[in-house]
Amino acid sequence: MGDLSNPMVMRTYYSRLLPWKAMFLWLNQSHAPTRQFTHREFAFTLQNEAYLRYQSFATADDLKREVLRLNPSRFEIGPMYSGRPKDRKALMKSAFRPLTRELVFDIDMTDYDSIRTCCKDKKMCKRCWRFITVAVKVLDEILRTDFGFVHILWVYSGRRGIHAWISDSAALNLTDEQRSAIVRYIDIVKGYTAMDKRLTTIKPMHPSIKRAYDNSLKSAFSSVVLGDQDVFRTDPQQWENVLSMLPDKENAASLLKQFSTGSDSSSIERWKDVVKIPASAPSANALTKSRIKDKHQEAITDLIIQYTYPRIDTEVSRKLNHLLKAPFCIHPGTGKVCVPLLASQIDAFDPDTVPTVGKLLLELEQLSRRGDLQADWGKTSLKPYVELFERHAEGVARERAREVKAEKAQSMEF
Ligand SMILES: [Zn+2]
């Protein structure tokens, strides 16, 4: 059960478990089909890895029928175009361009490889997932507080990453330039390996970074980086990088010597030495002393941000026409469902408990043995995820209906 190379496994999943109606409502933002759905690009990766782009469908049933016929291993969602993607060859080039799409973000464990100690490569566990948990909380808060977005859905990628889909009208209508500007605002940490030693924070600290630092980063650094991951215990490269960021070179050199020759020390112990204000020369006046203290504390703050601030895959968010795997697809490597969740649930979310297609098919089989041959997702462990998705899609559609009504009322006034 659940062997993904068996075509019946995916076909049964698509036929009985994937929530097509909710998917339609979420993308279309209305119960009757609009261009938001009919002009939307879908792309299929077939079982033989062939890739079909520019597919489009009139209704949710059409989409489901084609998915059952092609039986892809997964499929992606693109923008709404000015024409139907399947008709694009018959259209003038200028008449076929992307118009709207959800603003999306991708956070992947790859970008945390240099600072996690528990797993490597494609492996992921509950412990390193905590880096993603911190990133989700911080990014969700930025999107809500700084940009005013409301309809944000997080979707587990099925292995070691997570996507955000923002369905607010203001997000849908962003141009490529505006998406890039948002990415520049958010992407302040370039990943530790590519770190160019410059301080990431311009003084005074941006209020958005200050808020993230106070609400999440500071505590995440001490519990995840120092405590759980114990990043500075064994790998000299880790503390060499930290010490190279300290402004007082003499102090850094003496700590380097201490860390390299000293006995096995925990990250918590080593960090205590790092944060200590370096001693100034006996002749130094009060002003010099306070400058040394300020510079040192700024470097410490920067380090904490470098290690904990969200690391996003910027290419995914910049362009309207970027394709992103649909929620509820099956990850071909793990068999896990790409389930949706809200940022408020991220602390309780455990990637290990996400249902796999194998588990779900087993549940269907058990139901059919008891005589229930028609059971859908509602009787399986997929239920809470689909219900969350439905509530989210309904919320998006309600908001859209309000906007359409307001637009109509306004046009009547003129
Ligand atoms: Zn791990």
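## An aromatic cluster

Tyr-13, Tyr-14, Trp-20, Phe-24, Phe-37, Phe-42, Phe-44, Phe-57 and Phe-75 come together as one aromatic cluster. The structure is a predicted model, and a search through the whole of this model finds 27 aromatic pairs.

## Tyr-81 and its two ring partners

Among these aromatic pairs is the one between Tyr-54 and Tyr-81, which is edge-to-face, with 6.2 Å from centre to centre and 65° between the planes. This pair links distant parts of the chain, since Tyr-54 belongs to strand E2 (residues 51-55) and Tyr-81 to strand E3 (residues 74-81), the two residues being 27 residues apart.

Tyr-81 also forms an aromatic pair with Phe-96, and here the arrangement is stacked, with the centres 4.3 Å apart and an angle of 5° between the planes. Because Tyr-81 lies in strand E3 while Phe-96 lies in the loop between E3 and strand E4 (98-100), the pair ties together parts that are 15 residues apart in sequence.

Tyr-81 and Phe-96 are both buried. For Tyr-81 the relative accessibility is 3%, and this residue therefore counts as buried, given that the term applies under 20% relative accessible area.

## Arginines over aromatic rings

Two contacts between an arginine and an aromatic ring can be described individually. Arg-270 lies over the face of Phe-259, at a distance of 5.2 Å from the ring centre. In the other contact, the charged end of Arg-311 is placed over the ring of Tyr-112, 5.4 Å from the centre of that ring.

Note on methods: Residues are numbered from 1 along each chain as its sequence is written. This is a predicted model: local features need pLDDT of at least 70, side-chain atom pairs count only at pLDDT 80 or more; totals for chains, interfaces and linings use all residues. Side-chain values use heavy atoms; hydrogens and water are left out. Rings of Phe, Tyr and Trp (its six-membered ring) pair if their centres lie within 6.5 Å; planes under 30 degrees apart count as stacked, over 60 as edge-to-face and the rest as tilted. Helices (H or I, at least four residues) and strands (E, at least two) are DSSP runs, numbered from the N terminus. Buried means under 20% relative accessible area, exposed over 50%, partly exposed in between (1.4 Å probe, protein chains only). A charge sits over a ring if NZ of Lys or CZ of Arg is within 6 Å of the ring centre and within 35 degrees of the ring normal.
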